[in-house]
Structure formats: structure tokens, C-alpha cells
Amino acid sequence: MTLVAENSPPTRAVRAPLGRLLAAEMRWALRRPRTLIAIALLALVPVLIGVGALVAGNSERGGPDGLFAALAGNGFLLPVLALTLLLTMLLPLLGAMSAADALAGESAHGTLRGLLIAPVGRGRLLAVKAFGVATVVLTGVVAVAVVGLVTGLFIGGTDGLVTLSGSTVSVGSALARVGLAVSWVAFQVFAVAAVALAVSACTDHPLVVMAATLAGALVFGILTVIPQLDWLQPYLLTTGWTSITDVVRDPIPLDGLVNSTLKATCYLVIGLSLAYARLSTKDG
Amino acid sequence: MNRKRVSLAAAAAGTLAGVTGLAVLAVPAGAGPSPALPSISADQLVRSVLEVKSVPAMTGTVTGTNNLGLPSIPGLGKASALLANGSTTARVWADGNGRGRLSLPDGNSEETVVYDGKTVWDWESSAKTVKKFTAGTAGQEREEAVDPAATARKLVDLLDKSSVVRVDGTGTVAGRPVYQLVLTPKPTERTMLREVRVAVDSETRVPLRLSVTGNGSAQPALRIGFSNLTVGAQDPALFQFTPPAGAKVTTGEQRVPEQDSRAETAPADIEPTVVGNGWDTVFIARLPVGPMTNADPNAGRSGQDSDALLKQLGKPVSGAWGTGYAISTSVGTALITSDGRVAAGAVPLQVLTGALENSR
């Protein structure tokens with residue numbers, strides 16, 4: 001038996017099935033206690049908003065303030081409102097956290113070395129890591145939306161799902177709108193996480209990734225409010241983020257959502273390319 | 001080594017593609033060459049515009065850009081956003097039979113006006129209120145104020161006598177080929193305006209864009225027009241409105257203070273005096289109580305507040321006609337006197353003061 005094995009020509013390295021790799025990365029990403037705690041805390045936000053709106057809605061002094069005012073007795077607005085609020089800072093932070101863990105974190109523990117010297121293409125390694133990040137982001141966004149939907153329907157009931165345009169929509173249409181919001185938000189956050197992944201490939205310190213992403217988000221916010229830098233705004237990812245409110249208008253104006261999705265695709269391509277460039281030149 | 005170089009090249013190409021994509025998205029599509037259209041005389045064009053009886057079935061986005069040069073005033077809310085430099089967007093629908101829908105998105109809220117042929121519904125999401133008018137009253141005036149078609153038609157009508165009207169080639173607005181109709185004041189007119197440019201759709205003859213340019217400025221001070229337009233049948237459900245559950249419905253009220261300030265029409269109880277004609281027309285009105293009481297939509301503001309506002313906006317002037325504050329923009333001037341009169345027009349200050357003296 002051993003003779004046969006020795007004499008047979010060297011076979012090609014057996015590739016681990018992609019499905020198994022992805023499942024392993026997903027498990028690895030989702031079973032981290034910090035990820036689970038972060039997602040759970042994010043999912044608490046819609047509950048807080050819902051309870052807050054319920055309490056404030058009873059007193060008349062809370063002046064009309066857009067979505068908040070429309071929330072009273074309007075269940076399906078809650079997940080959209082929660083996503084709107086979280087998109088500005090906390091969801092990108094979740095993406096950055098998981099991107100920091102994906103490469104810089106492994107690097108800090110010394111486990112990235114093992115992956116780099118393994119006979120695995122660097123592109124494949126990056127793809128699996130990016131998939132893990134995407135899983136965490138999507139799980140976070142879905143958790144916020146589901147908890148928001150349940151809270152909203154619990155508070156507002158299923159009748160009277162009113163859009164901002166004043167039309168009443170069916171439960172099915174409302175669910176489709178929340179679904180659209182979820183996929184759009186998840187993609188935007190994933191674009192941020194892709195840029196964070198590029199930073200993550202360049203450093204051994206997860207904290208640097210978090211700091212860089214947070215600083216980036218703040219700088220984008222500051223650039224948006226400087227009138228002299230108006231020309232810069234179409235290039236910034238964050239300026240498209242106001243269009244999430246469009247999913248609760250009737251009919252849905254798609255141009256803002258499509259434009260911001262294309263913009264996010266550009267950021268995604270840039271982020272992943274830079275991460276790949278750094279990863280492919282990294283020595284084991 | 002070679003593989004490393006290949007992957008680096010791939011990464012560089014990816015980055016480049018991403019950056020190019022961003023640039024393409026950010027820079028608006030160039031105007032391209034002017035479309036070749038059969039030539040038309042200004043008279044024919046104006047007539048064909050006036051002959052358009054109703055807006056065809058279409059949907060589009062109307063963007064108004066304001067470069068008047070007024071400062072933004074904190075505390076004025078929506079009115080400030082409209083007055084100060086910036087742009088406002090509205091989405092419009094028409095079914096070709098006179099029914100229409102207008103929606104004004106504003107951050108996290110929206111105002112929707114639906115005309116279903118009999119009734120005008122005005123929904124405001126932030127307050128959850130519906131105002132209901134019977135046909136042919138305030139709502140129609142309201143739509144006229146925003147619809148560039150009606151606005152331009154009115155202007156052409158009004159300005160024809162005192163202006164030079166010509167067709168200045170062709171262009172593209174919202175992806176549709178247009179004729180550029182240009183109105184310039186005759187030399188005798190004492191106005192601050194240099195030209196009014198109307199882009200007329202070559203096919204439907206609906207004005208698609210209106211720009212007003214003041215003297216000594218290349219950029220239009222005011223520009224309202226379609227940034228996006230699709231002509232074609234619309235979903236009839238868009239022109240129906242059922243007040244949602246829990247909304248407060250008010251009926252019959254024809255004039256709402258906020259609408260007045262936005263449509264820039266004088267309140268009903270003030271009949272303005274018109275001095276002069278053509279481009280140097282001056283409107284003189286008397287305010288009901290004290291200066292600036294109607295210009296401020298936030299009821300309950302004190303007189304001192306509005307005085308402070310006047311000081312912030314205008315500069316004090318005085319003459320034989322009295323004293324007051326002049327508010328000048330790049331296309332016009334307004335003068336508010338201490339005895340409660342308001343004079344306004346697309347004219348320099350001297351014309352206003354002259355009109356005030358003569359109207360005494």
C-alpha cells in the first residue's frame with residue numbers, strides 16, 4: 001500500500017471545498033462573543049426608539065420631527081428609522097470591528113501567518129475573509145430590522161402602515177420596503193467594511209482599523225457641512241445615506257438609492273483591491 | 001515573483017476602476033452636442049407654447065436652484081431653505097387630463113399634493129394632516145407656482161411687450177431636445193435682469209426649464225426646471241388620495257399662511273399697487289400691522305424679532321419717501337418702509353424709491 005502511494009505521481013493539492021471554508025469563516029466570525037454582544041446591543045436600539053416614541057407620543061410637546069412624528073401608530077417605519085440612525089455611525093463601526101478582526105486581529109494573534117504560508121491563493125483568502133465580514137454586517141442589519149419590525153408592529157399594529165407620502169400600503173408591500181432598506185443598508189455598510197479591510201491588511205493592530213474607520217466617518221461628516229467643499233459631496237459615500245428615507249415614500253424614488261448603491265460599489269471595489277494588493281505582497 | 005506582479009496589477013486596475021466609477025458618478029453627464037432641430041421663429045415657438053392647453057401625461061423631478069444672494073436665516077424653517085441659496089426638489093406627475101400629483105420631499109418628511117379631478121388633497125407627513133380643497137381653488141394656484149410650464153407661460157405673456165424675444169439655438173434638458181427661448185429686456189427698461197431663458201421641449205412644446213439671470217452674473221440667479229422627465233402614461237392610482245387612518249383632515253380652508261409665504265403671493269387682504277410696466281414693474285403694498293408681519297410664517301414672533309431680522313437682511317435707507325430697509329438680491333430689490341409699506345421689483349433701489357415717491 002505504501003509502495004503504491006510513493007510511486008504514484010504527486011497529485012494536485014486537494015482544495016478544501018469552498019462551502020466548507022465559508023461555513024468555517026462564518027462560524028468563526030459569528031461565534032465571537034464581542035460580535036454577538038455588538039449585534040445584540042444594536043438590536044436593542046429599535047426597542048429603545050419604539051418605547052421612547054410611545055412615551056413621547058403621548059405628550060404633545062415633542063414637535064413635528066419627520067420620521068419620529070410619523071412613527072406614532074405606524075409600525076413599519078420603526079425598522080427604517082432605526083436603520084437610518086444606526087447607519088450614520090454604529091453600523092459602520094460594526095463593519096469596521098469585524099474587518100479589524102478579520103486580518104489585523106489574526107495578524108496580532110500570529111494566526112494570519114499560518115494562513116499566509118498555507119497553499120491558499122491570497123485572493124481566495126481575502127474572499128473568504130470578506131465573506132465573513134459581510135455575514136456579520138448582514139446579520140447585524142437583519143437583527144436591527146427584525147427587532148424593529150416586531151417592536152413596531154407590537155406598538156403600532158398591522159393596520160395603518162402609512163408611507164411618508166400619505167398612502168396606506170399592505171403588509172406585503174411594507175415588508176418588501178423593509179427588505180429593500182435592509183439590503184441597501186447592508187451593502188453600504190459592507191462598502192465601509194471593505195475599506196476597513198484594506199486598512200486591516202496594512203496593520204497588525206485591530207485598534208488602528210477601528211480608529212481609522214471612525215475618523216473617516218467623522219471626516220466625511222465634517223466635509224459634508226463645509227459649503228466651500230460642495231463639489232466634493234458627490235464623491236463621499238455618506239452623502240448618499242439620506243436616501244434611505246426614500247423607501248418609505250410612495251412611489252419609491254429609485255434614483256437616489258441606485259446612485260448610492262453604485263457609489264458603494266466603487267468604494268467596495270477600491271477597498272477590496274487595496275486589501276488584495278497589500279495581502280498579495282505580504283510575506284508569510 | 002511574476003504572480004505577485006500580476007496580482008498587484010490586478011489590484012491597481014481594480015482601484016483605478018473604482019476611482020473612475022466614482023468620478024463618472026459624481027460628474028453630471030455632459031450636455032453633449034446641441035441636437036439638430038428644425039429651425040423655428042421666436043413667434044412660432046411662443047405661440048406653440050401658449051397653445052399647449054394641458055400638460056401631457058408625464059412624471060419628472062423638478063429642481064429649483066436659488067442663487068439670490070440672501071443669507072440663510074436661522075429660525076425661519078422651510079421658508080429660509082427656499083429663500084437662501086440652495087436648491088429644492090419636487091417630484092411631479094400628470095396624467096394628461098388635468099389631474100396631477102406633486103410631492104415635496106424634505107429630509108425625513110414629505111408634503112404631497114394630489115389633484116384627483118375634483119378635490120385637491122394636501123398631505124403633510126410631519127404633522128399628519130390632510131387639507132382638502134374643492135377643485136379649482138388654492139390647489140391649482142399652488143401647482144402653478146411650482147410647475148415650470150405654467151410659470152414660463154405666464155412670464156412670456158407678461159414680458160412680450162417690453163422684451164426682445166429670440167430663439168437661441170437648441171439644447172438638452174432632462175435628456176430631451178429643447179429650443180432655447182431667450183427674453184432680454186429692451187434697452188429702455190430699468191431692470192436688474194439680463195435675460196430670462198426658457199427651454200421649450202421640441203416635441204410637446206412644454207417649457208422644461210426657466211432660468212433668470214441678473215446683470216453682471218454668468219450663473220442664473222433663479223433656475224427651475226426638470227432634472228428628470230419621462231413622458232408617458234402614468235399609473236392612475238397616483239392621482240387618487242385616501243386620507244390615512246389617524247390623519248387630521250381639514251376641509252374648505254382655501255388659504256393657509258404657510259402656502260402664501262411659499263408661493264410668494266401677497267395675502268388676500270393686501271391689494272398691491274402696480275407702478276410701471278414691463279421689466280421695471282414695481283409692486284407696492286401696505287402691510288397690515290407693522291413691518292414684516294406677513295413675511296414671517298412663524299406666528300407669534302414679536303415685533304422686535306422681525307426688526308432684528310430686517311436689520312440682518314437689509315440695509316437702512318432713507319429719502320423723501322421716508323425711511324426703511326432695503327433688501328437687495330442679485331435679481332431684484334425690496335424696500336420695507338418704517339410706515340409699513342413694501343415696494344418690490346426686479347429693479348435697482350432708485351426705481352423703487354422713485355415709485356414710492358410717485359405713489360404718495
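Let's start at the interface: between chain B and chain A there is one salt bridge, meaning a side-chain nitrogen of Lys or Arg within 4 Å of a carboxyl oxygen of Asp or Glu. B:E110 makes that bridge with A:R249, and their closest N and O atoms are 2.8 Å apart.

A word on the ground rules. This is a predicted model, where local features need pLDDT of at least 70, side-chain atom pairs count only at pLDDT 80 or more, and totals for chains, interfaces and linings use all residues. Residues are numbered from 1 along each chain as its sequence is written, chains are lettered from A and ligands numbered from 1 in the order in which they are written, and side-chain values use heavy atoms, leaving out hydrogens and water.

Back to the interface. Chain B brings 33 residues to the contact and chain A brings 35 residues, where contact means heavy atoms within 4.5 Å. The buried area is about 2700 Å², with 62% from carbon and sulfur atoms. Buried area here is the accessible area (1.4 Å probe) that two parts lose on being put together, summed over both.

Which salt bridges sit inside the chains? Take A:E25 and A:K129. They meet at 3.3 Å, N to O. A:E25 lies in helix α2 (residues 18–30) of chain A and A:K129 in helix α8 (residues 122–156) of chain A, so the pair ties together parts 104 residues apart in sequence. Helices here are DSSP runs (H or I, at least four residues), strands likewise (E, at least two), numbered from the N terminus. Both A:E25 and A:K129 are buried. Buried means under 20% relative accessible area, exposed over 50%, partly exposed in between (1.4 Å probe, protein chains only). With A:E106, these two residues form a network of salt bridges.

Next, A:R177 and A:D250, at 3.1 Å, N to O. A:R177 is buried at 7% relative accessibility. A:D250 is partly exposed, at 23%.

Chain B has B:D168 with B:R197, at 3.0 Å, N to O. B:D168 lies in strand β7 (residues 163–173) of chain B and B:R197 in strand β9 (residues 193–201) of chain B, so this pair ties together parts 29 residues apart in sequence.

Last, confidence. Chain B averages a pLDDT of 76, and 75% of the residues score at least 70. pLDDT is the predictor's confidence in each residue, from 0 to 100.
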